Amino acid sequence: MVQEHNGDGIMEGDFDALRGALEQEKARAEDNLNNLKRAQADFINYKRRSEVEKAESVGLGKSLAYMSILPVLDDFGRALAAVPPQSTEEPWVQGMALIEKKFRQLLTREGITQIKTVGETFDPSLHEAVLRCHGEEGVIVEELQAGYMFQGKVLRHAKVKVSCEDVEV
């Protein structure tokens with residue numbers, strides 16, 4: 001094969017080889033750019049997943065801590081309910097009531113809400129039926145233990161007494 005010279009002294013075959021090499025380098029550069037874009041997207045997704053997992057871990061840790069506080073709050077409620085009417089104005093009773101109130105305010109600030117019970121329709125996703133009595137079907141008539149929600153999830157189901165039409169008195 002005879003190669004021709006152009007006016008610059010470069011052979012025509014050299015142009016073809018250079019064009020081929022240039023196309024290969026362009027393809028490699030495009031590949032590298034695509035790989036970089038994928039790596040960036042993967043990193044962004046990883047970072048987002050890590051943040052979600054961290055928030056869930058913190059939420060789980062808080063849930064466990066709150067679960068251990070709820071029995072103390074229950075005890076305060078029972079203790080205050082057992083105070084004789086003539087002793088409600090005693091300073092120590094007032095102090096206990098204040099402590100219970102602060103506990104409830106703390107839980108409210110942290111996003112914990114009490115599940116509604118008495119007069120509500122029984123919902124097994126929120127309530128645990130412990131007792132039944134005669135009355136309008138499926139209505140909660142008494143709360144035996146308060147239930148609580150945290151971040152839209154049940155922290156502890158409310159234990160309740162539910163009325164049923166088929167229960168005999």
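**Entry 1: ground rules**

I call a residue buried under 20% relative accessible area, exposed over 50% and partly exposed in between, using a 1.4 Å probe and protein chains only. By that rule Phe103 is partly exposed, with a relative accessible area of 22%. I'm working on a predicted model, where local features need pLDDT of at least 70, side-chain atom pairs count only at pLDDT 80 or more, and totals for chains, interfaces and linings use all residues. Residue numbers run from 1 along each chain as its sequence is written, and side-chain values use heavy atoms, with hydrogens and water left out.

**Entry 2: aromatic pairs**

I searched the whole structure for aromatic pairs and got two. For my notes, rings of Phe, Tyr and Trp (its six-membered ring) pair if their centres lie within 6.5 Å; planes under 30 degrees apart count as stacked, over 60 as edge-to-face and the rest as tilted.

Tyr66 and Phe150 are edge-to-face, at 5.2 Å centre to centre with 75° between the planes. Tyr66 sits in helix α1 (residues 12-81) and Phe150 in strand β4 (residues 148-150), so this pair ties together parts that are 84 residues apart in sequence. Helices (H or I, at least four residues) and strands (E, at least two) are DSSP runs, numbered from the N terminus. I checked burial too: Tyr66 is buried at 8%, and Phe150 is buried at 4%.

Phe76 and Phe103 make a tilted pair, with 5.9 Å between centres and 55° between the planes. Phe76 is in helix α1 and Phe103 in helix α2 (residues 91-109), so the pair ties together parts 27 residues apart in sequence. Phe76 comes out buried, at 18%.

**Entry 3: the nonpolar core**

Next I looked up the largest nonpolar core, which has nine residues: Tyr66, Leu70, Leu73, Leu107, Ile112, Ala146, Tyr148, Phe150 and Leu155. A nonpolar core here is a set of buried Ala, Val, Leu, Ile, Met, Phe, Trp, Tyr and Cys residues joined through side-chain atoms within 4.5 Å. The elements giving two or more residues to this core are α1 and β4, and α1 gives the most, with three.

I then picked out Leu107, which lies in helix α2 and is buried at 3% relative accessibility. Leu107 touches Tyr66, Leu70, Leu73 and Ile112, not counting residues up to four places away in sequence; contact means heavy atoms within 4.5 Å. Leaving aside neighbours within four places in sequence, Leu70 is in contact with Leu107, Tyr148, Leu155 and Arg156. I also compared Leu107 with Asp16: they are 91 residues apart in sequence and 76 Å apart in space, C-alpha to C-alpha.

**Entry 4: strands**

I took two strands as paired if DSSP finds at least two bridges between them. Three strands form an open, antiparallel sheet in the order β1-β4-β5. Its edge strands are β1 (112-114) and β5 (153-156), each pairing on one side only. Three bridges join β4 to β5, and Phe150 stands opposite Lys153 in β5.

Is strand β6 (residues 158-164) enclosed or open? Five of its seven residues are buried, so β6 is largely enclosed by the rest of the structure. Strand β2 (residues 127-134) pairs with β6 in the parallel sense over seven bridges, and Cys133 has Ser163 of β6 as its bridge partner. Strand β3 (residues 140-145) runs antiparallel to β6, joined by four bridges. Gln145 has Lys159 in β6 as its bridge partner.
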